[in-house]
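Biologist: Thanks for making time to go through this one with me. Could you put it on the screen?

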Amino acid sequence: MPRELRRKTPEELLREVQSEEGAVHNARLKIFLGYASGVGKSFRMFAEAKRRRERGQDVVVAAVQPVMSADVGDLLRNLETIPQVAVGEDTAIDLNGVLRRHPSVCVIDGLAYDNPPGFRNSTRWEDVGEMLRAGISVITSVNIQYVAELRELIESVTGKRVSPTVPMSFIQSADEIEIVDAPPEEPMERSPEQQLDAVKREQRLSRLREMALVLTADVVDHQLNEYLQRHGIQQHFGTNERVMVCITPRANVHEMVETARSIAEKFHGELIGAYVSQPDISAADQTALDEKLAMARSAGASIEILEGEDPVDTLLDFARSRGVTQLFIGHSQRSGLWSRLWGNPVDKIIHRSRGMDVRIFPQ
Amino acid sequence: MLEHRTGKLKIFMGYAAGVGKTYMMLEEAHELKAQGVDVVIGYFEPHGRKDTIVRAEGLELIPRKKIEYRGAVFDEMDTEAILARKPAVCVVDEFPHTNVPGSARLKRWEDVQLLLDSGIDVLTTMNIQHLESLNDQVWQITGIHVRETIPDWVMQRADQVVMVDVTPRALLNRLERGVVYGREKAERALQNFFRESTLVALREMALRQTAHEVEHRSAVETSDGWAGHGSFGHRGAHHRILILVTAEPKTAMLIRRAKRVGDFLDAEVFAVTVHSGGLRALSEQERESVERHLNFARNLHIETRVLEGEDLASTLVDFARRNQITQIFLARPRERDWRSLVGRDLIQRVVGLAKDMQVVIVSEREMVEY
């Protein structure tokens with residue numbers, strides 16, 4: 001569905017209300033994101049907890065990892081802890097205990113856990129949601145492997161399927177996200193087979209690391225756009241490359257979409273396909289158009305059907321509002337002959353497209 | 001160990017002063033030392049930060065060199081002393097630093113290059129705003145033209161780039177508490193570079209660049225066929241980019257942008273300037289500008305050529321066709337050239353002639369207004 005014609009979904013409205021409520025209570029969610037265990041998330045998080053306590057904040061720890069390093073153990077010694085509740089081999093946060101104690105900040109090492117049966121919430125991230133709604137700020141840590149929407153991609157990289165997950169929307173709702181980045185240890189020199197295994201492991205970790213960096217950048221981008229909106233700033237910063245392909249029934253969409261997809265991917269950016277509705281379009285053109293829109297969609301583009309009197313202005317207004325940095329247009333052979341005429345659409349687009357690059361494709 | 005081994009370079013990437021780059025680098029130096037590695041500090045900038053100064057204790061420090069310039073004495077890294085000392089690993093803060101005139105080399109990254117060439121591993125720090133290809137965008141966001149830059153190819157040669165992340169809110173807290181700068185300086189810093197939106201934007205750029213560096217490195221390593229997982233591994237389409245260099249000041253912006261896009265596409269990038277009668281026929285002022293731009297391109301590792309031809313568009317496109325160029329990059333004409341049709345005419349003619357190529361018109365970014 002074209003995004004600009006869409007109304008806000010109830011969930012979106014709810015999120016807005018919730019975030020406003022959150023602001024009233026001043027409860028904030030901060031997430032430390034890592035790409036593997038052992039990169040030092042716990043240490044960084046508990047070091048922050050300790051600093052906050054030293055600055056006079058009321059900090060309580062509600063969950064720790066079953067196995068911890070000596071450094072983390074040292075940090076924990078000076079922090080108040082509400083023990084987890086054990087059910088057989090499983091454990092859960094003592095949510096009621098935390099709510100009763102009502103600290104200003106609650107620290108939870110490990111966000112991706114399912115609660116044992118019989119608890120109010122089935123997952124730990126829902127427990128965290130409840131704390132936030134009660135006005136308790138939360139600092140927590142999570143590995144990229146546990147983001148629900150990335151599960152399939154991660155599985156293709158690691159060959160493993162993780163079961164407890166956290167929805168992307170929850171990660172994105174964080175007020176602050178911080179990546180704990182460190183390159184994987186270099187494989188030591190061993191036998192050729194071991195060496196190969198080590199190299200493969202390193203490559204897997206690199207992929208996860210890349211994903212964690214991009215996810216953090218996307219969350220930051222989201223925050224930046226919210227900031228700009230809140231402050232009424234119309235302009236975009238161009239921190240994320242956004243490639244927009246202008247689709248017409250006769251355009252050589254294949255080459256445009258292929259190039260756009262490759263550029264958007266390389267830049268970890270966004271891909272948009274836009275079409276300006278034409279009132280009297282022939283059946284043949286409509287078929288061609290539908291095919292081209294489908295091609296763009298299957299390349300991963302979000303499709304926008306725009307309405308407007310002047311196609312050039314409509315495209316450019318939309319591109320500007322979405323912070324497009326690269327605009328892709330087709331150029332028909334005919335306009336070579338018309339090049340000196342005003343009103344040539346290519347000429348007009350270049351003239352009016354200040355602040356973004358225009359890539360013209362041969363037809 | 002091999003006889004002639006090039007040292008490994010590791011960059012700690014940040015997005016502002018005070019995110020903890022130097023601290024993390026020193027932390028790693030201590031770890032290496034604990035493992036028995038011979039580590040020295042070649043240069044480090046304490047900025048009067050207590051935590052950082054404490055972190056440097058216990059590590060061998062190579063004394064700085066004093067250089068006199070216009071009656072003042074400046075401290076610079078003593079590269080020759082480090083080479084003579086020949087440690088396994090050397091810590092060098094502030095990679096993009098420009099040396100004081102009179103130093104053996106213009107830039108600190110050139111000193112680092114020398115250390116690497118002699119087989120010394122180097123740990124160093126930089127902020128994203130110092131990367132050459134992002135210069136225009138950084139200006140757009142901050143209003144500041146950063147002068148001390150690192151060419152992208154220098155960073156590409158690093159073995160590792162690590163993001164030193166901290167949220168802008170935490171950074172601003174540190175700044176307000178006077179951890180990062182002295183109090184007075186902090187209040188001034190809060191006004192421009194340290195505006196929250198600026199920090200958020202720079203942080204996003206640093207994260208994306210680091211992601212690109214990680215991907216680029218693993219893509220090179222996986223050229224044996226392991227690549228191609230998900231949608232990330234798509235490589236191989238062969239792009240060749242041609243940039244038109246003119247005397248116009250915005251040529252620098254065009255070169256940076258074209259090179260950045262080229263690097264991300266694994267494309268080969270060339271730059272040409274076209275004049276009937278060659279450079280000699282130009283006015284002195286124009287020739288200087290063109291030569292400066294060609295030189296700038298070469299410093300970014302772009303091959304350049306001066307073409308002679310009566311007709312700019314056809315000379316450019318002929319050259320492009322003979323050299324299997326797939327994309328031509330031109331700067332967007334100035335407003336007054338739109339009116340006089342000069343710039344438009346060039347674009348229309350190039351587009352009309354280069355029927356088998358993509359033509360990219362690069363526009364100057366506009367500064368964000370608050």
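Predicted model: local features only at pLDDT ≥ 70, side-chain atom pairs only at ≥ 80, totals over all residues.

Biologist: Good. Back to that pair: at what angle do α9(A) and α10(A) pack?
Modeller: About 15°, and their axes are 10 Å apart. Axes are lines fitted to C-alpha atoms, for helices over the stretch in contact, and angles run from 0 to 180 degrees between N-to-C directions. α9(A) and α10(A) are therefore roughly parallel, a label for angles under 35 degrees.

Biologist: And which residues make the contact?
Modeller: α9(A) brings A:Val253, A:His254 and A:Val257, while α10(A) brings A:Lys292, A:Met295 and A:Ala296. Contact means C-beta atoms, placed from the backbone, within 7 Å. Sorted by class, that makes four nonpolar, one polar and one charged residues (Ala, Val, Leu, Ile, Met, Phe, Trp, Tyr, Cys and Pro are nonpolar; Asp, Glu, Lys and Arg are charged; the others, Gly among them, are polar).

Biologist: What about chain B, where α10(B) and α11(B) cross at what angle?
Modeller: Roughly 20°, with the axes coming within 10 Å. α10(B) covers residues 251-264 and α11(B) covers residues 284-299. They are therefore roughly parallel to each other, and the crossing is right-handed. The contact consists of B:Thr251, B:Ala252 and B:Ile255 from α10(B), plus B:His293, B:Phe296 and B:Ala297 from α11(B). By class, four of these residues are nonpolar, two are polar and none is charged.

Biologist: Switching to the contact of the two chains: how many residues does each chain put in?
Modeller: Chain A gives 52 residues and chain B gives 55.

Biologist: Which element of chain A gives the most?
Modeller: That would be α8(A), with 14 residues. On the side of chain A that touches chain B there are 22 nonpolar, 17 polar and 13 charged residues.

Biologist: How do the two β13 strands run where they join?
Modeller: β13(A) and β13(B) run antiparallel and are joined by three bridges; strands count as paired if DSSP finds at least two bridges between them. Within that, A:Ile360 sits opposite B:Val359.

Biologist: Now the sheets. What is the strand order of the open sheet in chain A?
Modeller: The six strands go β3-β2-β6-β7-β1-β8, with parallel pairing. β3 (80-81) and β8 of chain A are the edge strands, each pairing on one side only. Further in, β6(A) and β7(A) run parallel over four bridges, and A:Val107 stands opposite A:Ile139 in β7(A).

Biologist: What lies across it?
Modeller: Helix α2 of chain A, residues 41-54, lies across β1, β2, β6 and β7 of chain A, at about 165° to β7(A).

Biologist: And what does the open sheet of chain B look like?
Modeller: Chain B has an open sheet of six strands in the order β3-β2-β6-β7-β1-β8, paired in parallel. β3 and β8 of chain B are at the edges with a single partner strand each, so each has one side without a neighbour in the sheet. β1(B) and β8(B) pair in the parallel sense over four bridges, and B:Lys10 is opposite B:Gln160. Helix α1 of chain B runs at about 165° to β7(B), and helix α4 of chain B touches β1, β6 and β7 of chain B, at about 160° to β7(B).

Biologist: Last topic: how far apart are the C-alpha centres of the two domains in chain A?
Modeller: They lie 41 Å apart, for domain 1 (23-230) and domain 2 (242-362); the bounds come from an automatic or database domain assignment. In chain B, domain 1 is 9-220 and domain 2 is 240-362, with centres 34 Å apart.

Biologist: How many residues of the two chain B domains are in contact?
Modeller: Seven from domain 1 of chain B and eight from domain 2 of chain B. α5 and α6 of chain B each supply at least two residues of the domain 1 side, which has two nonpolar, two polar and three charged residues.

Key. Residues numbered from 1 in each chain as written. Chains lettered and ligands numbered in written order. Parallel < 35°, antiparallel > 145°, perpendicular 65-115°, else oblique. Left-handed = near helix turned anticlockwise from the far one by under 90°.
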